[in-house]
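This report goes through one protein model, beginning with a single residue and ending with the chain as a whole.

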Amino acid sequence: QVQLVESGGGSVQAGGSLRLSCAASIATYSTYCMAWFRQAPGKEREWVSSIYSDGRTYYTDSVKGRFTISRDNDKKILYLQMNLLKPEDTAMYYCAARSRRCGIQSSLYDGWGQGTQVTVSS
């Protein structure tokens, strides 16, 4: 029912930028809440940002002002523009989808991508 494929990760120096993409194979994509999570080695999976079907956006405090989540409902693609990257942003980034509603708990989401690695060096 839900297939997600992330891309756009890579290695960048502190202060640099990356744009992550998530291609979604969801028939009713526009009705889904889409989110980005990340997980660093030895840490729990962390919610980063969500975008509602109506376009409302939410961010965890550590990325506010630096990251921007957006969606293209025609192409069924989710984006995460990451600017002013810091070493603490280093993690595997995952795209997630939830029907109709958002949330910050990973267990709430119905579908996940395989992840794309982001590495920020000092």
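## Arg38

Arg38 sits in strand E4, which spans residues 32-39; strands (E, at least two residues) and helices (H or I, at least four) are DSSP runs numbered from the N terminus. With a relative accessible area of 6%, Arg38 is buried. Here buried means under 20% relative accessible area, exposed means over 50%, and partly exposed lies in between, with a 1.4 Å probe and protein chains only.

The Arg38 side chain makes a polar contact with the side chain of Asp89 at 3.0 Å and another with the side chain of Tyr93 at 2.9 Å. A polar contact is a pair of N or O atoms within 3.5 Å; within protein, one must be able to donate a hydrogen and the other to accept it, and residues adjacent in sequence count only if both atoms are side-chain atoms. Leaving out residues up to four places away in sequence, Arg38 touches Glu44, Arg45, Glu46, Val48, Ser62, Val63, Phe67, Glu88, Asp89, Ala91, Met92 and Tyr93, where contact means heavy atoms within 4.5 Å.

## Basis of the values

The model is predicted: local features need pLDDT of at least 70, side-chain atom pairs count only at pLDDT 80 or more, and totals for chains, interfaces and linings use all residues. Residues are numbered from 1 along each chain as its sequence is written, and side-chain values use heavy atoms, with hydrogens and water left out.

Val12 belongs to strand E2 (residues 10-13) and is buried at a relative accessible area of 14%. Between Val12 and Thr119 there are 107 residues of sequence separation, yet their C-alpha atoms are 6.3 Å apart. Apart from neighbours within four places in sequence, Val12 is in contact with Ser17, Leu18, Leu85, Thr119, Val120 and Ser121.

Ser21 is in strand E3 (residues 18-25). Its relative accessible area is 15%, so Ser21 counts as buried. Neighbours within four places aside, the contacts of Ser21 are Val5, Glu6, Ser7, Trp36, Ile77, Leu78 and Tyr79.

## Positive phi in two loops

Leu84 is not a glycine but has a positive phi of about 50°. This residue is in the loop between strand E8 (77-82) and strand E9 (91-99), and Leu84 counts as exposed at 52% relative accessibility.

Arg100, also not a glycine, has a positive phi of about 70°. Arg100 lies in the loop between E9 and strand E10 (111-112) and is exposed, with 64% relative accessibility.

## The chain as a whole

The protein chain has eleven strands and zero helices. Its radius of gyration is 13 Å, close to the 14 Å that the globule rule gives for 122 residues, so the chain is as compact as a globular protein of that length. The radius is taken over C-alpha atoms, and the rule is 2.2 Å times the number of residues to the power 0.38. Along the principal axes, the C-alpha atoms fill a box of roughly 40 × 30 × 25 Å.

Of the 122 residues, 43% count as buried. Among contacts between residues at least 6 apart in sequence, 57% join residues at least 24 apart. The accessible surface comes to about 6500 Å², and carbon and sulfur atoms account for 44% of that surface; areas come from the Shrake-Rupley method with a 1.4 Å probe, and for residues only the protein chains shown count as cover.
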